[in-house]
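Please look at the sequence and the structure first.

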Amino acid sequence: MPRFFSNKRLIILLVGVIVLVALIAFSLRDRNHANVPEQAVKDVVGFGQSLFTKPAHFVTGVIKNIDTMLNTYEENKRLKERLDTFASMQAELADVKANNVKLRGIIDKQEDLRAYEPIQSTVISRNPDQWEEKLIIDKGTTNGVGVNMAVMTAQGLIGKVILTTPFTSTVELVSTENSNFRVAAMVVGEQEVYGLIEGFDRQSRQLIMKRIDSSFDVKKGMTVTSSGLGGIFPRGILIGEVTEVSTDDYGLTKLAYIRPAANFSMLDHVMVAKRSAIVVDGTDGGNSVDAKGGR
Amino acid sequence: MIRFVIPLIAIVLFFLEPIFSLFSPIELNDTFYFFIPRFLIVYLIFIASYYSRKRAFFYGLVLGILYDMYHIDIIGLYTFMYPLICYVSASIIRQIERRTSTVMMLSLVMIVMLELLSYLFASIIALTSIDFNEFLTSRLIPTVIANSLFIGMFGYMFKQLIEKRFSQKQAGF
């Protein structure tokens with residue numbers, strides 16, 4: 001049996017391990033901020049990555065198109081049935097919108113929690129080792145993206161921005177195991193029921209909405225959207241649908257399981273919502289404030 | 001020309017990994033399976049076996065740092081694991097016959113080792129709370145299957161290419 005490690009190598013290995021532990025400790029301390037060299041690396045690698053990812057998105061797009069073309073007949077039949085109701089609903093929506101503007105004018109209220117400026121962007125990579133649910137998108141601070149902004153697809157909310165560099169940003173998906181990831185949400189019904197989305201059930205792949213006042217009636221099938229009261233997300237981004245309601249560990253508040261409206265795999269184009277109303281670092285930004293002891 | 005092909009393939013594989021992870025997790029019968037692309041390390045093991053251990057070590061170190069800074073935001077995980085895997089596989093391949101099939105098997109074993117190491121790190125710094133059984137069924141086995149497909153498709157090509165470069169270098173280029 002030859003000697004696996006000679007003395008010199010053993011020393012190098014030991015020094016390596018020490019340096020490694022020091023580096024890990026150093027970078028774990030402050031993961032939500034990238035220093036200048038880190039930002040430079042992220043931007044350069046991000047640029048290279050987008051050269052590879054954009055053609056890949058094009059190819060998957062073509063395949064998806066062919067796939068949808070095969071279902072066109074069925075889909076067309078279904079859509080035609082819905083089209084009849086659509087026209088009347090659109091007329092009603094236009095009327096309600098106009099009414100809303102008029103009423104806002106009367107009470108002289110300019111700010112709207114719902115208003116946001118969408119920043120369109122492309123997903124350039126997903127964390128390959130998948131211990132954390134992270135995406136990197138191709139828009140950064142130069143495009144107006146900021147930390148804690150909501151990220152969504154056409155279907156609904158998918159996550160929030162946790163780190164920005166000039167030309168890329170890192171997005172953490174709501175399907176994360178990170179317990180500091182909170183979204184102020186509400187159940188839409190005859191009366192609005194507020195709560196917090198906290199945590200993700202891995203087995204059933206559903207979101208968990210906690211701290212719902214037990215005096216309110218939440219039923220299966222109700223829609224959940226962001227409430228805008230967390231300080232950073234705009235109001236009214238679709239999150240999902242309630243599938244199950246129970247009480248929390250202490251029996252004081254209700255807890256609801258929510259099936260997310262958006263699909264978290266195969267993401268290509270996403271939208272960052274830059275809220276128009278004043279932004280405060282509240283619940284939605286819990287990631288940056290609570291976790292770091294109010295820095 | 002082939003001189004630049006070797007590092008170029010390493011870079012291409014580095015950029016391909018996150019694209020393939022966009023497809024994961026895949027849902028089959030209501031269970032989700034995670035496929036972790038480990039293309040780069042397979043290629044580095046081939047370099048370590050057929051070309052030079054030092055070269056593999058160096059590529060592993062540089063690309064490991066980039067991987068950590070770009071994806072993980074913790075510097076030191078892959079910076080450590082990639083060179084370690086290269087070193088260990090080079091030490092093993094010295095003891096055994098250097099046939100393509102053995103190197104392929106070795107890269108599968110090393111993927112398992114890399115996954116176990118990364119699971120260990122992830123549980124230590126509390127990135128994950130999954131237990132070992134779940135890790136085994138939902139991550140390790142699908143990952144090994146998916147990567148064995150990759151090794152089967154490209155392993156022979158890698159070997160040919162790297163050996164070509166090696167003989168060229170022996171000739172004094």
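Just after helix H3 of chain B, Asp73(B) takes a positive phi of about 65°. This is a predicted model, in which local features need pLDDT of at least 70 and side-chain atom pairs count only at pLDDT 80 or more, while totals for chains, interfaces and linings use all residues. Residues are numbered from 1 along each chain as its sequence is written, and chains are lettered from A and ligands numbered from 1 in the order in which they are written.

**Helix H3 of chain B**

- Helices (H or I, at least four residues) and strands (E, at least two) are DSSP runs, numbered from the N terminus.
- H3(B) spans residues 53–72, and its buried residues include Ala56(B), Phe57(B), Tyr59(B), Leu63(B), Tyr67(B) and Ile72(B).
- A residue is buried if 20 or more other C-beta atoms lie within 10 Å of its own, exposed if 12 or fewer, and partly exposed in between, with C-beta atoms placed from the backbone.
- In chain B, the buried residues of H3(B) pack against helices H1 (2–21), H2 (39–50) and H4 (77–95).
- They also pack against helix H2 (36–70) of chain A.

**Contact between chains A and B**

- The contact takes 30 residues from chain A and 31 residues from chain B, where two residues are in contact if their C-beta atoms, placed from the backbone, lie within 7 Å.
- On the side of chain A that touches chain B, helix H1 (7–29), H2 and strand S1 (116–126) each supply at least two residues.
- H2(A) gives the most to that side, with 9 residues.
- By class, that side of chain A has 14 nonpolar, 8 polar and 8 charged residues.
- Ala, Val, Leu, Ile, Met, Phe, Trp, Tyr, Cys and Pro count as nonpolar, Asp, Glu, Lys and Arg as charged, and the others, Gly among them, as polar.

**Strands of chain A**

- Two strands pair if DSSP finds at least two bridges between them.
- Strand S7 (residues 193–201) runs antiparallel to S8(A), joined by 4 bridges; Leu196(A) has Lys210(A) as its bridge partner in S8(A).
- S7(A) and S8(A) form a hairpin with 4 residues between them, and Arg205(A) in the turn has a positive phi of about 50°.
- S8 (residues 206–213) is joined by 5 bridges to S11 (residues 253–260), and the two run antiparallel.
- In S11(A), Ala256(A) is the bridge partner of Met209(A), and Lys254(A) stands opposite Ile212(A).
- Strand S10 (residues 238–247) is antiparallel to S11(A), with 7 bridges; Glu241(A) has Arg259(A) as its bridge partner.
- The hairpin of S10(A) and S11(A) has 5 residues between the strands, with Gly251(A) in the turn at a positive phi of about 75°.
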